[in-house]
Structure formats: structure tokens, C-alpha cells
Amino acid sequence: MNSQELLDLYAAGDRNFRDTDLFRADLSNANLSGANLFRANLFRANLFRANLLGVSLFNANLIGANLYCANLSGADLSGANLTRADLTGADLSGADLSGADLSGAILTHANLSYADLSRANLMRAELVDTALSHAKFQGANLKEANLTGALLQNVKFKQVIGLNAVRIQELKEQGAIFEEVPSLTLNSKVTS
């Protein structure tokens, strides 16, 4: 399916584009809000300023996609592959990015407030000046991620990978919350 066919079907009221191959599709400025792009192939697709509000991109392939200033608010990107995707200035507020691969992704000036990044791979991701308030990072990989200037008020980090003690202290000073895993206490009483 090419870009124009997709847009024509969407305009006709179709919202189900599950497993669609949109390899290098040009969907810049497109309105696809509410569409189901479950497992769609959007490898290197151009989604510049696209309206993807509430879209399901569960397990979608978005490797190297251009999502500059796209609206992905409330989108389901769980399990999606966003390796090296450009999400500069994108609105991902309230998005589900659990288990997503964002390694090497550019998220500079993006809005990830209230986003779920549990188990997400953010290795070498650029999160410069990114709004992260109230985001969840449980089990996320933040190895070599650049969080310079990120807004970290009420951001919850739990069992994150790739942060050393010095970096954790710096993030705490910026307002991040590191939840400790409760240690198991063993009952030392021996009953006879």
C-alpha cells in the first residue's frame, strides 16, 4: 500500500491498517488519529508533523522514521522499534512506550510527560531538554542516554539499567524519584 492509498482509505472512514507495509512512506502532515497500525512497517517513513493522536503502533517498525514534531499523545507504541527515529519536538504525552526500542532515538525537546517507558531501551538516546514529568522508567535501559536539561520532576525510576551512582545522584538533584526495591527480610526465628 502506498501513502495515497492509505490516506484515501482513512478519508473514507477506514481505521484498520494492521500489518500494512508503508516502507519509506511519505505521510508528512497526515492526520491518522485513532488509526490501528498494529505491527505496521514504517521503516524510514516520513511522519513529519503527522497527527497520530491515540494511534496503535503496537510492535510497529519505525526504525529511522522521521517523527519530528509529530503528535503521538496517548499513542500505543508498546514493543515498537524506534531505533534511531527522529522524535525531536514530538508530543508523546501519556503514550505507552513500554518495551519499545528507542536506542539511538532523538527525543530532544519532546514531551514525554506521563509516558510509560517501562522496560524501554533508551541506550544512547538523546533526551536533551525533554519534558519527562511523571514518566515511568521501571526496568528501562538508560545506558549512555543523554538527559542534559531534561525536566525530571516526579519522574519515577525503578530498577533502571545503565546508571551509575554519580548519575543517579545528579538525576535526584533534578527532581527524579528513585524507588528502591524492598529487600526481603528473612525471619531469623527458628521454631522447634
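Predicted model: local features only at pLDDT ≥ 70, side-chain atom pairs only at ≥ 80, totals over all residues.
Biologist: Which side chains does aspartate 19 meet in a salt bridge?
Modeller: Arg18, Asp19 and Arg39 are linked in a network of salt bridges. The contact between aspartate 19 and arginine 18 is 3.6 Å, N to O. For aspartate 19 and arginine 39 the N to O value is 2.7 Å.

Biologist: What does the pair of aspartate 19 and arginine 39 tie together?
Modeller: Both residues lie in the loop between H1 and S1, so the pair ties together parts that are 20 residues apart in sequence.

Biologist: And the two arginines, how accessible are they?
Modeller: Arginine 18 counts as partly exposed, at 43% relative accessibility. Arginine 39 is partly exposed as well, with a relative accessible area of 40%.

Biologist: How many salt bridges does the count come to?
Modeller: The count comes to 3 salt bridges. One of them is formed by arginine 167 with glutamate 170, where the closest N and O atoms are 2.8 Å apart.

Biologist: Where do arginine 167 and glutamate 170 sit?
Modeller: They are in helix H2, residues 165-173. Being 3 residues apart there, arginine 167 and glutamate 170 are separated by about one helical turn.

Biologist: What are the relative accessible areas for that pair?
Modeller: Arginine 167 has 21% and is partly exposed. Since buried means under 20%, that value does not put arginine 167 in the buried class. Glutamate 170 is partly exposed too, at 35%.

Biologist: Changing topic. Where is leucine 42 found?
Modeller: Leucine 42 is in the loop between helix H1 (3-11) and strand S1 (136-138).

Biologist: Is leucine 42 buried or exposed?
Modeller: Leucine 42 counts as buried, because its relative accessibility is 1%.

Biologist: Which residues does leucine 42 touch?
Modeller: Leaving out residues up to four places away in sequence, leucine 42 touches Leu22, Leu27, Leu57, Asn61, Leu62 and Ala65. Take leucine 27 from that list: leucine 42 and leucine 27 are 15 residues apart in sequence and 10 Å apart in space, C-alpha to C-alpha.

Biologist: What about serine 73, where is that found?
Modeller: Serine 73 is in the loop between H1 and S1. With a relative accessible area of 18%, serine 73 is buried, because the buried class is under 20%.

Biologist: And what does serine 73 touch?
Modeller: Serine 73 touches Leu53, Gly54, Asp91 and Ser93, again not counting residues up to four places away in sequence.

Biologist: On to the sheet. What is the strand order?
Modeller: The order is S1-S2-S3, in an open sheet of 3 strands with parallel pairing. S1 and strand S3 (177-179) are the edge strands, and each pairs on one side only.

Biologist: By how many degrees are neighbouring strands turned against each other?
Modeller: On average by 20 degrees, direction ignored.

Biologist: Over how many bridges do S2 and S3 pair?
Modeller: Strand S2 (residues 156-158) and S3 pair over 3 bridges, in the parallel sense.

Biologist: Which residue in S3 is the bridge partner of lysine 156?
Modeller: The bridge partner of lysine 156 in S3 is isoleucine 177.

Key
Residues numbered from 1 in each chain as written. Heavy atoms only, no water. Helix = DSSP H or I, 4+ residues; strand = E, 2+ residues; numbered from the N terminus. Buried < 20%, exposed > 50% of the residue type's maximum accessible area, 1.4 Å probe, protein only. Contact = heavy atoms within 4.5 Å. Salt bridge = Lys/Arg side-chain N within 4 Å of Asp/Glu carboxyl O. Pairing = 2+ DSSP bridges. Axes fitted to C-alpha atoms, helices over the stretch in contact; angles between N-to-C directions.
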